[in-house]
Amino acid sequence: MLEGELYSLGVSTTTKTEGGIGFSVPWSTMYWINLKSHIASRVLWEVGQSAYKTEHDVYKAAYALAWPDWFTPAQTIKVKVSARRCSLPSLDFLTLRIKDAVCDKFVAATQLRPSVDTERPNIKLDAFLDQSTVTFYVDTSGEPLFKRGHRMGSAEAPLKENLAAGILRLAGWTANDVLLDPMCGGGTIPLEAAMMARQIPPGISRNFAFERLLVHDAQRWGHLRESARAEQVAQAPAAIYASDLNPAMVKIAQRTFQGAGVAINIQLKQSNILDLEAPAAKGVMVINPPYGVRLSRSDELESFYPKLGDWLKQRFAGWRAYVLTGDARTPKLIGLTPSKRTPLFNGALECRLYEFVIVQGGARRRLTPSTQS
Ligand SMILES: C[S@@+](CC[C@H](N)C(=O)[O-])C[C@H]1O[C@@H](n2cnc3c(N)ncnc32)[C@H](O)[C@@H]1O
């Protein structure tokens, strides 16, 4: 999903890395991706790579980099080290050595050393080690990109914004499709959809770490932001519906939609999912129900899912429904055969996104005692 999005944002060649995508672009495309990616968590600028055998090799490689060209000793830093198949015993010690190398470099160049702030650093530095190579990065995003700066209040078990956007893409939803999220909680899914439909860049309301770098081109950034604002459209091409049983969640979603400027594009109400009628002859529904591990008791879910299956079948023929759940019994309990299942991680929870194509009287599998084992 991310790779496809990057191509649409001006990247021409990519390489897949562990948990990410590597690419080479002009600085302004990096601004554009930070501003407009719905799916990325962060954009890291690779500033150096070196072979290593010992901790001292890592120190020397970090010391060799031109840190004082990129930020000042008045800015606070945080170093994060991750590794895969690295034979050195302590990542904590490596973190310390890299921090020392950066600070020693500043002292040599300016007689001043940056302070460490592990909570809210101005500049985040990343290092990744495999068996033989260490790679250094400066984080250009700062706060992770899924923090759009729109959340109001704390919803129960909210999805990360970039997971919600990825689910919409996996569902094949486009701005021309009617969308319904009948268990919307804090409204993450409809909010992402409305921003996509109105071409509002997800990062338009927030700041980025690249703005704090010495190599930042404020004028270019200003132009890019303005051109992205100018692409926005006032209306979403198709209706977006959201509802939740819990009035407190509906209130949080309402305030979030208002804060993001998309309240007029989302028809929001309080309702039990099972009382809803289909608002259109066809559309895409995304459901992120509470599930045993996180929210409700699992026996409640066992009695709820068969009702959900009947509701889909009786009222939503013509729709595609996508259910995100960590409960592997879901298709059986719903009594519908999924046409697709995509593994996804919701935080640390391994989930599946099940696709159900709802047709009148079809694709139905009633539970019988013999199929329940
Ligand atoms: C996992 S949360 C959804 C989180 C949401 N996707 C977000 O990102 O904020 C599940 C939601 O289902 C709602 N819910 C539970 N039972 C419901 C029902 N019968 N009808 C409608 N909503 C219900 C809960 O109030 C809760 O907000």
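**Helix pairs and domains**

Helices H3 and H5 cross in a right-handed way. A crossing counts as left-handed if the near helix is turned anticlockwise from the far one by less than a right angle, and as right-handed if clockwise. Before going on, the background: this is a predicted model, where local features need pLDDT of at least 70, side-chain atom pairs count only at pLDDT 80 or more, and totals for chains, interfaces and linings use all residues. Residues are numbered from 1 along each chain as its sequence is written, and side-chain values use heavy atoms, with hydrogens and water left out.

H3 covers residues 55–63 and H5 covers residues 91–110; they pack at about 35 degrees with axes 8 Å apart. Helices (H or I, at least four residues) and strands (E, at least two) are DSSP runs, numbered from the N terminus. Axes are lines fitted to C-alpha atoms, for helices over the stretch in contact, and angles run from 0 to 180 degrees between N-to-C directions. On the H3 side the contact includes Val-58, Tyr-59 and Ala-62, and on the H5 side it includes Leu-94, Ile-98 and Ala-101; contact means heavy atoms within 4.5 Å. The residues of this contact divide into nine nonpolar, one polar and five charged. Here Ala, Val, Leu, Ile, Met, Phe, Trp, Tyr, Cys and Pro count as nonpolar, Asp, Glu, Lys and Arg as charged, and the others, Gly among them, as polar.

Next pair. The axes of H6 (residues 161–170) and H7 (residues 188–197) come within 9 Å and cross at roughly 70 degrees. H6 and H7 are therefore roughly perpendicular to each other. In H6, Glu-161, Ala-164, Ala-165 and Leu-168 meet Thr-188, Ile-189, Glu-192, Ala-193 and Met-196 of H7. That contact has six nonpolar, one polar and two charged residues.

Now the domains. Which domains does the assignment give? Domain 1 is 2–139 and domain 2 is 161–202 + 231–371, with bounds from an automatic or database domain assignment. Their C-alpha centres lie 37 Å apart. Domain 1 and domain 2 bury about 800 Å² between them, 55% of it on carbon and sulfur atoms. Buried area is the accessible area (1.4 Å probe) that two parts lose on being put together, summed over both. In domain 1, Lys-36, His-38 and Ile-39 lose the most area to domain 2, together 67% of what that side buries.

Conventions
Angles under 35 degrees count as roughly parallel, over 145 as roughly antiparallel, 65 to 115 as roughly perpendicular and the rest as oblique.
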